[in-house]
Amino acid sequence: MAKEMIAMLLAGGQGSRLYALTEKLAKPAVPFGGKYRIIDFPLSNCVNSGIDTVGILTQYQPLVLNEYIGNGQPWDLDRLYGGVHVLPPYQKASGSDWYKGTANAIYQNISFIERYDPEYVIILSGDQICKQDYSDFLKFHKEKNAEFSVAVMEVPWEEASRFGLMVTDENDKITEFQEKPKNPKSNLASMGIYIFNWDILKKYLTEDEEDPNSENDFGNNIIPNLLRDNRQMYAYRFSGYWKDVGTISSLWEANMEVLDPEHSGINLFDEDWKIYSRNSGMHGHKIGSSAVVENSMITDGCRVDGNVKNSILFSGVQIEEGAVVEEAVIMGGTVIKAGAVVKHCIVAENVVIGENALIGAMPTDSENGVATVGAGVVIGKNAKIGPNAMIRNNVKDGDEQW
């Protein structure tokens, strides 16, 4: 039985701009918002939009991501026909290749797509925080009689040169594509979310693969080739919440925005569009009698006996008495010992911060960096970590790193 539309989720990126957070972890598996990982958002969007078949293309550090996805049950994607499938590069009779680019990754999985004989294929990114109804996007694609559609957002003109931009006519038909131009003609930034008619996508993927000079990339090759051939291409204007969390600062900002849903546009408490995730299986959190908690998200398994303000604590975090945590993202299993002060930073999973240690600092006119501590690191007693520090290894008692 053919599917109307299936999703192909690109989740293989290294995430090098997240530095210590992705040294042992694929970017889509990075924790976010207290109880989620980044990949929960596109998977939940698929389910909420009626898409029940998702291929996840993994490559870099896939172990945690693959384990987390499992059979897809938390997202109702454990289906006999369809469901979620992890698609790493694999050995073929003619040899094997890493995914060489975004287009090549889809090309290598043409046989997977053909199993479901879809009319449409939506290409998604695994490194964005976005709540989007893909069924509205598909409706737009059909109404325009499009062969290719891309989701776009208006960005400030002064930032437009940072993005791939779609130049359109009055009917939203794409007339030109600019990749990070010095002189932008449009402020419609591509979100990296595409809908293709499957026959068109297959044709252009095959032609692209046969071109020895191609970078095998959607932005650099497939989209320009569609324009060259005057295909029916349209820009779908999206006005909801969307954020690329590919940098330390943007990941920290997006987590902080979770704490202010009325103004930020991201509401994780929305019963009409739930974001699903794998349950940690931990007990409920406990706030001790000496604790002070203000405007923070405290998830399951946490124990808080210190002061927590404007922060997000993931599952199993412990804040001992006398410790202070402010404007911080503290990922699962981390222990912050008595007297430690942790401010304006991201602390990865299973970190131990020793007694009276100082991590990060609140922003000033001259310094507003986000201190980052990698997974499994031990910070010694009385150690000091500066506001721009990127800590990958253990720090001894009393040491200072800036």
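This is a predicted model: local features need pLDDT of at least 70, side-chain atom pairs count only at pLDDT 80 or more; totals for chains, interfaces and linings use all residues.
## Strand 1 and its neighbours

Leucine 10 has leucine 57 as its bridge partner in strand 4. Strand 4 covers residues 53–57, and its pairing with strand 1 is parallel, with four bridges.

Strand 1 has another partner too: strand 6, residues 120–125, again in the parallel sense. Here leucine 9 is the one to click on, as its bridge partner in strand 6 is leucine 124. Here are the two pairings of strand 1:

| Partner of strand 1 | Sense | Bridges |
|---|---|---|
| Strand 4 (residues 53–57) | parallel | four bridges |
| Strand 6 (residues 120–125) | parallel | six bridges |

How much of strand 1 is covered? Most of it: the strand runs over residues 5–10, and five of these six residues are buried. As a general point, side chains in a regular strand alternate between the two faces of the sheet.

Now zoom out to the whole chain. It has nine helices and 30 strands. Along the principal axes, the C-alpha atoms fill a box of roughly 65 × 50 × 45 Å.

Inside, 53% of the 402 residues count as buried. Among contacts with a separation of 6 or more, 57% join residues 24 or more positions apart.

How values were computed:
Residues are numbered from 1 along each chain as its sequence is written. Side-chain values use heavy atoms; hydrogens and water are left out. Buried means under 20% relative accessible area, exposed over 50%, partly exposed in between (1.4 Å probe, protein chains only). Contact means heavy atoms within 4.5 Å. Two strands pair if DSSP finds at least two bridges between them.
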